[in-house]
Amino acid sequence: MQTSFFELWRQFWAHDKTSDSVKVALALGGVVWLCLALDRPEWLIGPILGVIAAALAETEDRPLGRLLAVLVTLSCFAATAFSVRLLFAWPWLFVCGLLLSTFGFVMLGAISERYARVASASLILGIYAMLSASRPGQELAPIWHEPLQLLAGAAWYEGISLVWVLAFAARPARQILASVYLGLASYLALKAKLLEPIPGRHPDALRLALAEHNSLLVQRMNRARQVLLGWMKDGQPRPRSARFLKWYFLAQDIHERASSSHQSYTELSRVFARSDILFRCAHLMSLQGEACAKLARAIALDKYFNYGRDSLPALDELGAALRHVQASTETDWRRNADPVADLTRNLTTIDRQLSNAGNPDALLQTDDTTLRDSNPASLREALQRIRMQFTPKSGRFRHGLRLSLALAAGYGLLHLLNLPQGYWVMLTTVFVLQPTYSDTWKRLGQRVSGTMLGLVGGWAFLHIFPQDEAQLGLAVVSGVAFFFWRADRYMLATASITVLVLLCFNQLGSSYALIWPRLLDTVLGALLAGGAVALILPDWQGRRLHLAMSKTLARSSTYLNEVLAQYNSGKDDHLGYRIARRDAHNADAELSLTLSAMLGEPDQHRLTPEQAFHFLTSSHTLLAYISALGAHREKISQWQHGQLVAEAGRQACDCLARLATAFEQRQVVTAEALPLPSLTELDEIPSDTPPQERRIIRQLALVSHLLPELAAVSANMWGESGASR
């Protein structure tokens, strides 16, 4: 029983939200305990709001990086809080400062994600300062009173955060790598379903789901890269971080192999409908997905990962099934034996890599361990990034302008209507207004629903638990729940923070008077956000979808060119190759996100959804064909059909580049206008061709067969039939 409890505790401790929950609980609990011990309930509001703002600004980092982030955060918080208090009595100066500071904070986020988090939290803390300053009686308090309370709460949380990162420095790296392998597990499980040979099945739904899963996985891998960069020194890994870096590179390699496609799945299902070989491939891939999930838990728990021997029978049976297919006299089976052999080779390699994952030292060492650092290297580069965003074409510029004007309108509205706690209007606007229309309206509904739920729940708690101690205990729990749910359950997070506010204000005797104003302010703030995103320089994703399409094709062209070059020079996962591969997957993920955002916009601002989905599945298939070439990279010293491969590769890259330009300019391009490789030469591979060259020629043929299909999308979207769209 004791062992079981210990295992449950370890699993709880390894959860990715445990760190934030424990730190917030300690910070809020400390504030509540101090106020109760000193019998100063009026001190509750400011420090608690400061704790929340500091927690919102936090990013994963190592101790030194965290210390620098704390200094930057507290400096921004201090400047914001004192500016609000100094200008609070002069509305016209205040609204001018509000416009400039809001726009400046949004533009500051162009430097890096860390600055974006600090800027956003500073803006929220500024509104918290307005809320504190607007409470009855505060006009008589010293000018430093509210700012110091907010800063005290923020500094208290930052102190806990620094101690935490010193005690558990490796925890962020473990958690983000665990999330990457969990994403790989889901991706492999879905890919296994796609391999199941069901004749007559249209795999488009599964291919779309696979593209969406790929988007989420790529985002996790990007976050992992940012976290691991903190473990690098002069571009090289520190001794303690070498194993994390090896796990990261292993995940990249498994992802490239898992995303590979060696033949049309519809064709494979038709050909092997009466064979069990694809079922055996799917079964082995499912086992590898389960292994990735186990590896994720082992990394998070800092336990040894034992791959086990469950996959050995599956590998043996798959090998026997492959030999049966290769020995068959059936024409279709023999013609498609090579794609299945390459798929088997890929799965065998993944199996071997996972078997060594428990001992990272046994994994192959990448010669070039440099990670692409997206952070600015100097103040000049940081300023250049901001300067580049100063154009109405920039989404950040538009969002900054929208948010500035929406907050100014909210400030005017609360004075015009004489709202008693009207600064909740502005706070709601900050949380609801997102860069895209669809995200804003989704957040709008969640915010209003969550506020109503929180008000009802808070009212019930006030009646059921009249004791101050019980209410403050519930307030701490509500604060923890807010941070636990804010990333993926925003309605519940909003309900939790609403309960926290009601319970804290009740200590000042004003909670019941806050219920209806809070609901009204939330509705007004949400409507301001919805109106701003629709009316002020609206950034309709349907109008920029063609740019995401163009970027996908251009990045795929670069990736294909990098892959083909390594068949002459030999396999090398150098930084340039990994950048090309990651850029291609990032563009694919961005296209998926842009398409999802477009679907939440009004019909008049959308492109034809059917054609957009068709392009997404085709471009993801294109990436899968190129990934297969990348997965099997090896140097070929003596070419039998070197000229054919070189010419076909050059023409394929050129076609993709031309298609990218056509989509960028919203022009129709026909297959006849493309310098397509000779499909006849590619399809008729001589039987005496070495297997390595057969693979390259086959994959280039698959890519070439997709090019007219991609060109047809441009005609359907921007030709005469799609001109109205």
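User: Which way does α9 pass α24, left-handed or right-handed?

Analyst: A crossing is left-handed if the near helix is turned anticlockwise from the far one by less than a right angle, and right-handed if clockwise. Here α9 passes α24 in a left-handed crossing. Helices are DSSP runs (H or I, at least four residues), numbered from the N terminus. This is a predicted model, where local features need pLDDT of at least 70, side-chain atom pairs count only at pLDDT 80 or more, and totals for chains, interfaces and linings use all residues. Residues are numbered from 1 along each chain as its sequence is written, and side-chain values use heavy atoms, leaving out hydrogens and water.

User: At what angle do the axes of α9 and α24 cross?

Analyst: Two packed helices are described by the angle between their axes and the distance between the axes. Axes are lines fitted to C-alpha atoms, for helices over the stretch in contact, with angles from 0 to 180 degrees between N-to-C directions. The axes of α9 (residues 204-229) and α24 cross at roughly 125 degrees and come within 8 Å. That makes α9 oblique to α24; angles under 35 degrees count as roughly parallel, over 145 as roughly antiparallel, 65 to 115 as roughly perpendicular and the rest as oblique. Contact (heavy atoms within 4.5 Å) involves residues including Val218 of α9 and Leu593 of α24.

User: How far apart are the axes of α10 and α24?

Analyst: The axes of α10 (residues 242-258) and α24 (residues 575-599) lie 12 Å apart, at an angle of about 60 degrees. α10 and α24 are therefore oblique to each other, and their crossing is left-handed. Among the residues in contact are Phe249 of α10 and Tyr577 of α24.

User: What is the angle between α23 and α26?

Analyst: Helix α23 (residues 545-569) packs on α26 (residues 642-664) at about 165 degrees, and their axes are 8 Å apart. That makes α23 roughly antiparallel to α26. Their crossing is left-handed. In α23, the residues that meet α26 include Leu553 and Leu560, while Leu656 and Phe663 are among the partners in α26.

Note on methods
Helices (H or I, at least four residues) and strands (E, at least two) are DSSP runs, numbered from the N terminus.
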